[in-house]
Amino acid sequence: QPPQAVQQKGYATVVWSAHDANDDELRYAVYLRGEKEREWKLLKDKLDQKFYSWDTTGIPDGAYYLKIVASDAPANPPDVALTAERESERFEIDNTPPVIEKLEAVATTSDAAMAVARGGVTIKFTAHDVATSVERAQYSVDSGDWILCAPIGHISDAPEEHYEFTIPDLRPGEHTIAVRAYDRFENVGSAKAIVEIPLARP
């Protein structure tokens, strides 16, 4: 587990403020509830700091709420101890990466009957995310640098985005085209295709 209040993939952090008019020592409990659930589930109690980080990878994707309960019990007898609570705004947990579907890589030339010394590849694929929007996609040729590619329509703001573009000027022979897509929580899904650029004819 990372240090408290430090951002790390797969972890969420909540931070709050609290004050007791008598300057009593406070302890805190953190509860979690799914959007369509009635009952609060205790994540952590007896906290003396005003933040908490927890592993979200075991929690299903979806919308949730948090509740923080503060108690002055450490400084008072049980029969006079007081509590106060505050609920968070709605937030989302998404640990599932986008899925790359219908990936195609097709060698292209200006004339299919002509021999080419170097050729291009037309790439088509769909990126789909079950929970949030697809933020961006990239491609790489033969394990080279990752290059940003725009979806059809040029704006990434939907759970499903379609891509089609051409990679020009590839040498003859086999090439590996890898693509990957990120959602807005930085989950990444990837796929690859093999394509053959024809050799030049004598």
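1. Let's start with a term you will need: two strands count as paired if DSSP finds at least two bridges between them. With that in hand, look at strand β9, which covers residues 119-128 and is joined to β12 by 9 bridges. These two strands run antiparallel. One place to look is Gly119, which stands opposite Leu170 in β12. Please keep in mind as you read that this is a predicted model.

2. How far can you trust the prediction? The average pLDDT of the chain is 89, and 90% of the residues score at least 70.

3. Now for the overall make-up. How many helices and strands does the chain have? The count is 0 helices and 14 strands. Reading from the N terminus, the order of elements is simply β-β-β-β-β-β-β-β-β-β-β-β-β-β.

4. The chain has 202 residues, and 36% of them are buried. Its accessible surface comes to about 12300 Å², with 50% of that belonging to carbon and sulfur atoms. Among contacts with a separation of 6 or more, 65% are between residues 24 or more positions apart.

5. Back to the sheet that holds β9. Three strands form this open sheet, in the order β8-β9-β12, and the pairing is antiparallel. Why do β8 and β12 have a side without a neighbour? Strands β8 (99-108) and β12 (160-170) stand at the edges and each has a single partner strand, so one side of each is left without a neighbour in the sheet. From one strand to the next, the twist averages 15°.

6. Is Thr126 buried or exposed? Its relative accessibility is 7%, and because buried means under 20%, Thr126 counts as buried. Leaving aside neighbours within four places in sequence, Thr126 touches Val99, Ile100, Glu101, Glu160, Glu161 and His162. With His162 there is also a polar contact of 2.9 Å between the two side chains.

7. For a second example, turn to strands β2 and β3. Strand β2 (residues 27-34) pairs with β3 in the antiparallel sense over 4 bridges. A hairpin through 6 residues joins β2 to β3. Which residue is the bridge partner of Leu32 in β3? The partner is Lys41.

8. Apart from neighbours within four places in sequence, Lys41 is in contact with Val30, Tyr31 and Leu32. Its side chain also reaches the backbone oxygen of Glu39, at 3.3 Å.

9. Finally, here is a pair to find in the viewer. How far apart in space are Lys41 and Leu66? The C-alpha to C-alpha distance is 9.4 Å, while in sequence Lys41 and Leu66 are 25 residues apart.

Technical notes. Residues are numbered from 1 along each chain as its sequence is written. This is a predicted model: local features need pLDDT of at least 70, side-chain atom pairs count only at pLDDT 80 or more; totals for chains, interfaces and linings use all residues. Side-chain values use heavy atoms; hydrogens and water are left out. Axes are lines fitted to C-alpha atoms, for helices over the stretch in contact, and angles run from 0 to 180 degrees between N-to-C directions. Buried means under 20% relative accessible area, exposed over 50%, partly exposed in between (1.4 Å probe, protein chains only). A polar contact is a pair of N or O atoms within 3.5 Å; within protein, one must be able to donate a hydrogen and the other to accept it, and residues adjacent in sequence count only if both atoms are side-chain atoms. Contact means heavy atoms within 4.5 Å. Accessible areas come from the Shrake-Rupley method with a 1.4 Å probe; for residues, only the protein chains shown count as cover. pLDDT is the predictor's confidence in each residue, from 0 to 100.
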